Structures are given as structure tokens and as C-alpha cells.
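Thanks for coming, everyone. Let me put the structure up and then walk you through it.

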Amino acid sequence: MTAERDKAPVADPVVVEPPEFAAGLPAVVEVLRQVNAKTGLGRGVGALLKMNQANGFDCPGCAWPEDTQDPKRAEFCENGAKAFADEATRKTVGEDFFAGHSLADLETKSNQWLNDQGRLAQPMVRRSGASHYTPITWFSAIELIAQHLKGLIDPNHAAFYTSGRTSNEAAFLWQLFVRCFGTNNMPDCSNMCHESSGNALSQAIGSGKGTVRLSDFDHADAIFVLGQNPGSNHPRMLATLERAKQRGAVIVSINPLDEVGLKNYRNPQTVNGLRKGTELIDLHVPVRINGDVALLKGLCKVMLEAEKAQPGAVLDRKFISSHTQGFVEFETDIAATAWDEIVAGSGVSEGLIRKAAAIAINADNTICCWAMGMTQHKNAVANIQEIVNFLMLRGNFGRVGAGACPIRGHSNVQGDRTMGVWEKPDAAFLEKMAAYFGFEPPREHGLDTVDTINAMAAERVKVFIAMGGNFMAATPDTAFTADALSNCELTVQISTKLNRSHVVTGSTALILPVLGRTEVDRQEQGEQFVTVENSMGVVTQSRGHLQPASQHLKSEVRLVAEMADAVMGAHSKIKWRECADDYHLIRDHIAAVIPGFEDFNDRLIEEGSIELPHSVRDDLQFDNEGGKALFTVHAIEPPDIPEGCYLMMTIRSHDQFNTTIYSQNDRYRGVSGSRLVVFMHPEDIEQAGLSAGSLVDMTSHYGGATRTMQGFSVVPYRIPRGCLATYYPETNPLIPVQHVADGSNTPAYKSVVVSLQSG
Ligand SMILES: Nc1nc2c(c(=O)[nH]1)N[C@H]1C(S)=C(S)[C@@H](COP(=O)(O)OP(=O)(O)OC[C@H]3O[C@@H](n4cnc5c(=O)[nH]c(N)nc54)[C@H](O)[C@@H]3O)O[C@H]1N2
Ligand SMILES: Nc1nc2c(c(=O)[nH]1)N[C@H]1C(S)=C(S)[C@@H](COP(=O)(O)OP(=O)(O)OC[C@H]3O[C@@H](n4cnc5c(=O)[nH]c(N)nc54)[C@H](O)[C@@H]3O)O[C@H]1N2
Ligand SMILES: [Mo]
């Protein structure tokens, strides 16, 4: 099968050496350029200064927490500013645009082009068989949804996707609506993101959330950053790492790539920082793709050996005996794991592993941070549980300066889960919802993202409604997913910007445009604010200040309330519309149903933000099976890579936010002009008879099936032998929908077996 690729303008990339430092003056220049081009300088900068401030709006970028130590500093980064400018653009997409572009025409456009057209400005419908989207009133659009949902013989024939920008208020009302309607089919972007972390941590420590506060970075002696590229994806984290480093913390990066953001950081918010950088990492460990289980077992082996040589010097025996289970099996397994296996599995020498382990042994307090480099593999859950094993050896839980720190992606992805957006809700939560709202929620678990694609393909899901995101471009197996989506009777995209999911649709399709975070949200009872939860369990307010991009936009909350009202009608005991008139009412409901949100409204006013409780962090209490943190044993299972094939990871550039592509450039990797590149070790290039700039086709191999894409330009890069890197989402057509992580069902986006053919 030849899958279709993104229709980006095909150009040869310009390749130069990656820069020596991250951020600094180029970041400031880039912020001003993007803000000026998209929003106008005066309007843009004024609004930007309100980002992540009290009484301002939460950055629509990543979920890194605000630094409250210095409330006066500008609390945004280059990529947050880009996300802001992209939402606050003055360009709009309305009925004239759609009259001038048929779906067939839009099909031929690139993701970047679609996004560049501006903010969606009015509700549009594509009627069955029609060539174009045409305008529809809000009333008719919502009636159309209600008609389709009410026409289903089983509520499980609908699926309700959420991306992670949705506020707590909208998310809470959304899951309530979906459950009143009668299904738990709530796939979300977490299913493709940190699901593996949630799954692994819940089993091992009894909570799916990280155990670290932002302030812990001020007390950590060692910080291990595994499979994460903060320079591009969480740039504000670099300032935190810089402060830790200047205080004397030792930083280790475990990553196939020596990402520039971790090497040298020039803080653009300080005069000194613009001129001179801080070397952030002390040690880079160039693990091979998916070699982390072997590597982490190696680290633990060194620590166990050192303890044997000097009993009492390394392990936190008290922690292990009082708070953990499974240690003996773990110790036995590690002792039986040979160095040959560890070195072969990780691609890292024993010497380097010993060096990294020495850092952990010498640190009283260690934090491990990680992101997609750990979660998007077949054995991703094992990856994360090995991190937990590693941390537990020295008792790095429940104390200041230490712990497990999954770094979340979308700005409110963690909050959406806290609000109950999950296809596998726990029974206690459903009980509480049932008792408080007086309805019988469905108990059977619903479909996650991959299962939803399969159910659409099998025509078991017929109505698909997405609260944000870009399902079509973000999911694996593009051609298969496109067919699956086209099987639906109705697809609805509740969105801010035009994207691929508006172009590949069900028989009937709706585009429903909503307010973004940057915009004023005026309802019956006055101007509203919403709340979001950051990566470290702190809930803050977010209030937009810009005038809405169009007078036709609804808030997400209002839209959910109106849909619920239309679907549930007079039977519903819930006063949906009143909730939309005044979001305080929703927060009162949240306070009644979700643990940790007691007196939510009052505390928000009095304290400004609230920190959610965490039983491991606060009380060293583990709510998993057995009531103690669990050491787990995982075999080293190197992926099966046939002769002549490579293992490919799909990664983000410095100029994108997920499927939103700002430009074809990746300043931090020295590539510009094209994203259709494949990063490759120079010796692999030579061995394959290729050279820098060669054009190749790429074929993925899974279960006897192949998927091919054409026209990648080869870029020599410092990457381990046998490993390749390409950009997400361009290569999603190559990723088999069946290739998922055990336990979490997350697509193995970073472990794709491919071969190259000269183009
Ligand atoms: N500007 C910007 N910010 C973002 C996003 C964005 O697209 N743009 N996306 C947001 C979202 S939703 C998310 S989830 C996060 C993603 O943030 P990240 O996880 O940092 O993003 P990725 O580029 O997917 O991959 C991260 C790193 O994993 C490494 N890696 C890949 N495979 C392996 C492996 O097997 N082992 C190890 N140790 N490392 C590996 C790659 O080399 C890369 O450096 O960022 C969020 N923030
Ligand atoms: N190959 C590969 N695939 C991946 C990944 C990878 O690393 N490799 N990463 C995965 C990960 S970690 C994630 S999180 C997913 C991301 O998957 P998604 O969250 O589905 O994708 P995004 O690109 O973030 O969605 C962007 C769209 O969201 C809409 N939007 C933006 N802001 C708002 C808002 O405030 N409200 C509403 N209603 N809509 C809004 C806009 O229309 C915009 O076009 O992709 C996954 N896919
Ligand atoms: Mo993500």
C-alpha cells in the first residue's frame, strides 16, 4: 500500500551544523517576528505579557508549570509565543473561503497551508455527497448532532474525542454529557501521549500522576531527563534546569540525540543570558532507540553491585523494607542480567552506564523527567516502571527534591483526565457522579483512540465528535484512519484552526468554531474564566483578554451545554444552560464530585491556585495493589529489526505544535526548507550506498504488511547506528495501527521498523 503523504511543497532542505546553544537572542527575534506577522505587534505583545500571569490566560502550549518565585517576570518562551500567535492570528476562515475551496481542493493542501489560513470563524456543514462546506446556523448544527446521536440504536456507536487544550470546566461538562448520553467512548490525546506513564505509575505506585513539585527542582542533586527534548517542547523547563544547575545539581540526558536545548541554554530573559549560556547537561547518554529498559537495568545493576561492595552505602534499605514490595525478585533478576545483554540492548558502553549510575549514587535526591521518548514504544510501560525501580533504590519518593516527573504535553491534558475524560473511569468516580447527579452512568469501559479507529473501520462507531485536536493527522496509519473516518455517518470537529480533520470527514461533517484561551469569554452572568491543571497538579485560572476572532464563536462550555440540552432535552435533571451562563456552577459540581477540589471556587479566589493532593508525594501512601510501591521485573527485549532495516522514531521540530506546523525549519537541528528528511548516522549512510541529500523512499514493515512513502532527503546526523529520525506527523502514514504499547495501547510512534530504497 502506498500511503499518501503530507502535501507540503517539496523542496530540498538546507542543512547546516546545529547551533551551539538554545534560546538566547534568536528566540527573542523569532518571537517578535511571529507575533508581528500574525497578530500585529501592539495587540500581540500586550496580550503576550498576560500569558501565565495571575488574571491572565494559561499558555496554550505545553503543560510546564508557571514559576511563581518571581511573579513579575515574563512567563513565556519562544514556543509558547508561537502557539499564542497562531491562535491570536488576525486571519479568519469563513464562508467565502469555503465557497472558494472544495473539499477535493483542500485535500491537496499541506497541513501548514491549512493552518495558515487563519481562525475558523463560523459553523459550516458538509452535507452528504456535497463538494463544499456551506454555512449552517448554530441552532441547526446542534439539532443535526442531536438527531444523529438520538438516531443511534446504541450510544456506544458514538465516540467523543478530546485533545488536551480543553479547560477543566468544558471537560467536566463534556464527560458528564457523554455519560448522560450513555457511553464511556472517550478517546483522547493522552491515549497517544502519556497513557503509558499513567498505566505504569498506577500499577507501580498507585497514582498515575507525577510525584514532583516545581520547587523540588530547587532541591534535587541529580536530574535525569529521559526521552524528552525540553529545548523545543518545554522551553520554560530550561530556566528551571538552569537554576538547578547553577545551584550545583547534576543533569543527565538519556536520548539517542544530543538535543541542543539540553546542551547550552541562553536565558533570553536575563541580560547575561543573551550573551552567555549555561552548559546544562553534565552527561549525555546516547541510548539507542528503545534501549532504555536495558540501560535502566544497567544503572540498577551498578547500584546493586556498589551496595554489595559497601553495604548500607547505596540503597535506602528503610524505604525499601517499609514501603516497597517485590525487591527480592527484582534484585535476583538484575543479578542474573549479564552486562553483554545490557550493552547490546542499550547500545551504551558499560563504562558510560557506570558513570551515569555514579551520579545517581552520589545524589541524595534524584528526579527523573521523561516524555514521549519513553512512552511511545511497544514496551513503554516497562520503560517507565524501570524508571520507578531506579528511583526506588535510593528511596526517591515522598521527599523534597526527588521523584518521578512525567512531563505532560498539552497545556490541560492532565486536567482533562482529572475531570473524568477517560474511557476507563474508575468505579468510585462513577459512583459519585451517579449519586450526585442522579443518573446511571455507563459502567462498561469505552474505546480509546486506537480502538476507536478500529471500531470506525468496522462500522461500529458511526458518529465521531472531537473536542479540539486533529485526530486525522495525529493518529497512526493515515490511510487506514482516513478510510475509518469516512465510514462515519457524521463527524464533528469543534476547533479553532483549520486542519486535516476538517478535510477527511464522514458522510456529513460539521466544523464548529470555538473561542480560544486568549479570548474574552462573555456569558449571561458576565465575563468568565476557566481553570487548567499543569503537569505538577497545580490548578490555576485562565482568563482571555483579546476580542474573539469572530462574533460567531461559542465557548466550548456553551457548546457542550447546548448539545447536552438538545440531546437530553426535558429528561435531564442537569441545568446545562445555567452552567454555561456562570462557570462557577460547574466548579461547584466539580467540587462535589472530584477529590481535591473541595471549596474550589472559594479557594481559587482566596489562594489564586490550588495544589491537588498526591498520596505518594504528601504521605508516602501507595494506593496500588498490595499498598506498597512495586518493584517490577522486565526482560530486555530488543525490537526485531531484520537485516537491512532500521528503527525509526518520529519526533517534533522546533517549529511545530503537534500537527500544527509553523514552518518547514528546525533551527535546533540545523535543517531548513523541508521537513521531509531522514536523520541518519554517517556510517549507515555510507553503508547503504547513499550520501547527504540523497532522495530515498521509506517502507515500514509490520506483520508482513508494508507501507511506503516517497521522497525523503537524507541528513547525516549524530544519531546511534541503526536508528533513524523523521518528523511527526508527516510519517504517520508509515505507522501501523496495530503497533501499540503493551498495557497502554499507545501507538509505538517511536519504534517503527523501516527500510530505505533509493528514490
Ligand atoms: N513547541 C512545542 N511544544 C510542545 C509540543 C510541540 O509539538 N511543540 N507538543 C506537546 C506535546 S502534546 C507533548 S506530548 C510534548 C512532547 O515532548 P517530547 O517528548 O520532548 O517530544 P518528541 O519530539 O516527541 O520526543 C522527545 C525526545 O525523545 C527522544 N527519543 C525518541 N525515542 C527514544 C528512546 O527510545 N529513548 C530515549 N531515551 N529517547 C528517545 C527523541 O530523540 C526526542 O528528543 O511536548 C509538548 N510541547
Ligand atoms: N508519529 C507521531 N504521532 C503522534 C505523536 C508523535 O510523537 N509521533 N505524538 C502524539 C501526541 S503526544 C499527541 S498529544 C497527539 C496530539 O493530537 P491532537 O491533540 O489531536 O493534535 P493537535 O495537533 O494538538 O491539535 C491541533 C488542533 O486543535 C485545535 N485547537 C487548538 N486549540 C484549541 C482550543 O482551545 N479548543 C478547541 N476546541 N480546539 C483547539 C485546532 O483546530 C488545531 O488544529 O499526537 C500524537 N501523534
Ligand atoms: Mo502529547
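**Domains, ligands and cores**

Let's start with a domain pair: 26 residues of domain 3 are in contact with 27 residues of domain 4, where contact means heavy atoms within 4.5 Å. Before more, the ground rules. This is a predicted model, so local features need pLDDT of at least 70 and side-chain atom pairs count only at pLDDT 80 or more, while totals for chains, interfaces and linings use all residues. Residues are numbered from 1 along each chain as its sequence is written, chains are lettered from A and ligands numbered from 1 in the order in which they are written, and side-chain values use heavy atoms, with hydrogens and water left out.

Now the layout. The domain assignment gives domain 1 (22–87), domain 2 (99–189 + 426–598), domain 3 (195–407) and domain 4 (638–758). Those bounds come from an automatic or database assignment. Taken over C-alpha atoms, the centres of domain 3 and domain 4 are 26 Å apart.

On to ligand 1. It is surrounded by 31 residues, counting any with a heavy atom within 4 Å. The closest are Asn255, Glu259, Asn290, Arg652 and Asn658. Here are some polar contacts, meaning N or O pairs within 3.5 Å. Glu259 puts a polar side-chain atom 2.6 Å from an oxygen atom of ligand 1. Backbone N or O atoms approach nitrogen atoms of ligand 1 too: 3.0 Å for Ser232 and 2.8 Å for Asn233. Alone, ligand 1 exposes 910 Å², and the protein buries 99% of that. Those areas use the Shrake-Rupley method with a 1.4 Å probe.

Where does ligand 2 lie? Domain 2 and domain 4 both give residues to its shell, so ligand 2 lies between them. The shell holds 30 residues, with Tyr161, Ser163, Glu556, Thr659 and Asn732 the closest. A polar side-chain atom of Thr659 is 2.6 Å from an oxygen atom of ligand 2. The Tyr728 side chain has an N or O atom 2.7 Å from an oxygen atom of ligand 2. Ile494 uses a polar backbone atom, 3.0 Å from a nitrogen atom of ligand 2. Taken alone, ligand 2 exposes 920 Å², of which the protein buries 97%.

Ile494 turns up again in the largest nonpolar core, which has 65 residues. A core is a set of buried Ala, Val, Leu, Ile, Met, Phe, Trp, Tyr and Cys residues joined through side-chain atoms within 4.5 Å; buried is under 20% relative accessible area (1.4 Å probe, protein chains only). Leu149, Phe160, Trp174, Phe177 and Ile494 touch the most other members. A second, separate core of 58 residues includes Ala294 and Leu315.

Terms used
A polar contact is a pair of N or O atoms within 3.5 Å; within protein, one must be able to donate a hydrogen and the other to accept it, and residues adjacent in sequence count only if both atoms are side-chain atoms. Buried means under 20% relative accessible area, exposed over 50%, partly exposed in between (1.4 Å probe, protein chains only).
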